[in-house]
Amino acid sequence: MILTGMTLLLCLVMIGAALVAILGKGLAVAILATGLVSLVASLLFLILAAPDVAMTEAAIGSGLTTFLFFFVLGRVRGGEHD
Amino acid sequence: MAALLELTGAMLLVVGAFFLLLGGLGLVRMPDLFNRIQAGTKTTTLGTVLSLLGVALMEPQWGWKLLLIALFILFTNPISAQVLARSAHRTGEAKSCKTVVDRLEEDQQA
Amino acid sequence: MVELLLSLAALLIGVALLFALYRFVRGPSPADRVVAFDVMTIIAVTAIALIALLEGRGIYLDVALVYALLSFLGVIVIARYLERGL
């Protein structure tokens with residue numbers, strides 16, 4: 001019962017973060033929103049009783065990908081056009 | 001005894017969650033970035049530590065792992081807030097008109 | 001009684017998550033969004049502890065440990081990026 005409500009709310013937060021990733025201004029905001037989607041997805045994996053998948057999603061999706069994108073964005077900042 | 005411990009843990013969990021709610025409310029209501037960092041960091045640190053303490057009272061055999069998580073939060077959360085505030089101050093983040101005291105800027109000008 | 005208190009805690013955590021999401025959507029500058037992201041990560045640690053309590057499985061707490069480490073590293077990398085120093 002509690003977990004069902006939590007799942008619904010997490011889905012809502014995930015959709016909001018995905019909309020920010022699509023509609024937001026600037027690349028940094030989009031990268032942050034992608035990390036947020038990964039965070040909520042990992043919580044959902046945890047509720048679905050898959051702690052190993054949740055840990056991988058936390059380390060790769062929310063951690064490594066976000067850092068890597070920010071490193072690359074710092075390197076290519078000179079040629080930003082949008 | 002066990003029932004009392006469980007009840008105390010649940011109450012601590014609710015108090016910690018209430019502090020998290022206060023942190024979110026401060027994040028919405030505060031006027032500029034530095035106030036938001038204050039509200040977001042202090043309250044959520046206290047709320048998380050209280051919640052983890054409540055969980056440790058309800059399930060005593062998880063104590064060591066919960067203690068480790070609480071120590072990580074307690075050490076890293078103020079550092080990250082300080083680093084973020086310093087970087088925002090260096091890039092000239094706009095302050096609200098209600099923020100009147102800025103000791104770092106006074107120090108740099110002196 | 002305990003069940004009721006746990007539902008109340010879950011409700012409070014959910015509302016806190018929605019408040020932080022509001023700041024994430026509205027935030028004028030990227031630094032505001034970084035603050036909201038950090039707060040949501042910390043809230044997620046509490047939510048993971050609550051889920052582990054509800055399911056009764058201690059192995060779930062490892063994910064919270066990963067998040068407690070990751071939020072720190074993430075904020076430092078992003079702060080370096082915002083400072084134009086990466």
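In the predicted model, no contact joins chain A and chain B. The closest C-alpha atoms of these two chains lie 14 Å apart.

Chain A is helical. It has 3 helices and 0 strands. Read along the sequence, the pattern is α-α-α. The C-alpha trace of chain A spans about 50 × 25 × 10 Å along its principal axes. Of the 82 residues in chain A, 32% are buried. Among contacts in chain A with a separation of 6 or more, 39% link residues 24 or more positions apart.

Chain B has 4 helices and 0 strands. From the N terminus on, its elements run α-α-α-α. Along the principal axes, the C-alpha trace of chain B spans about 60 × 25 × 20 Å. The radius of gyration of chain B is 18 Å, whereas a compact globule of 110 residues would have a value near 13 Å. Buried residues account for 45% of the 110 residues in chain B. Of the contacts in chain B with a separation of 6 or more, 71% are made by residues 24 or more positions apart.

Chain A does touch chain C. Here, 32 residues of chain A are in contact with 31 residues of chain C. Three helices of chain A each supply at least two residues of this side: H1 (2-23), H2 (27-47) and H3 (51-75). The largest share comes from H3(A), with 13 residues. By class, the side of chain A that touches chain C holds 23 nonpolar residues, 9 polar residues and no charged residues.

One helix pair between these chains can be described in detail. Two packed helices are described by the angle between their axes and the distance between the axes. The axes of H1(A) and helix H1 (residues 2-26) of chain C come within 10 Å. They cross at roughly 5°. Angles under 35 degrees count as roughly parallel, and H1(A) and H1(C) are therefore roughly parallel to each other. On the H1(A) side, the contact is made by Ile2(A), Gly5(A), Met6(A), Leu9(A), Val13(A), Gly16(A) and Val20(A). On the H1(C) side, it is made by Leu6(C), Ser7(C), Ala10(C), Gly14(C), Leu17(C), Leu21(C), Phe24(C) and Val25(C). The contact of H1(A) with H1(C) has 11 nonpolar residues, 4 polar residues and no charged residues.

Within chain C, Ile43(C) was examined individually. Ile43(C) lies in helix H2 (residues 30-55) of chain C. A residue is buried if 20 or more other C-beta atoms lie within 10 Å of its own. Ile43(C) has 26 other C-beta atoms within 10 Å, so Ile43(C) is buried. Gly74(C) is 31 residues from Ile43(C) along the chain, and the C-alpha atoms of the two are separated by 15 Å.

Conventions:
Residues numbered from 1 in each chain as written. Chains lettered and ligands numbered in written order. Predicted model: local features only at pLDDT ≥ 70, side-chain atom pairs only at ≥ 80, totals over all residues. Contact = placed C-beta atoms within 7 Å. Nonpolar A, V, L, I, M, F, W, Y, C, P; charged D, E, K, R; others polar. Rg over C-alpha atoms; globule rule 2.2 N^0.38 Å. Buried ≥ 20, exposed ≤ 12 C-beta atoms within 10 Å, placed from the backbone. Axes fitted to C-alpha atoms, helices over the stretch in contact; angles between N-to-C directions. Parallel < 35°, antiparallel > 145°, perpendicular 65-115°, else oblique.
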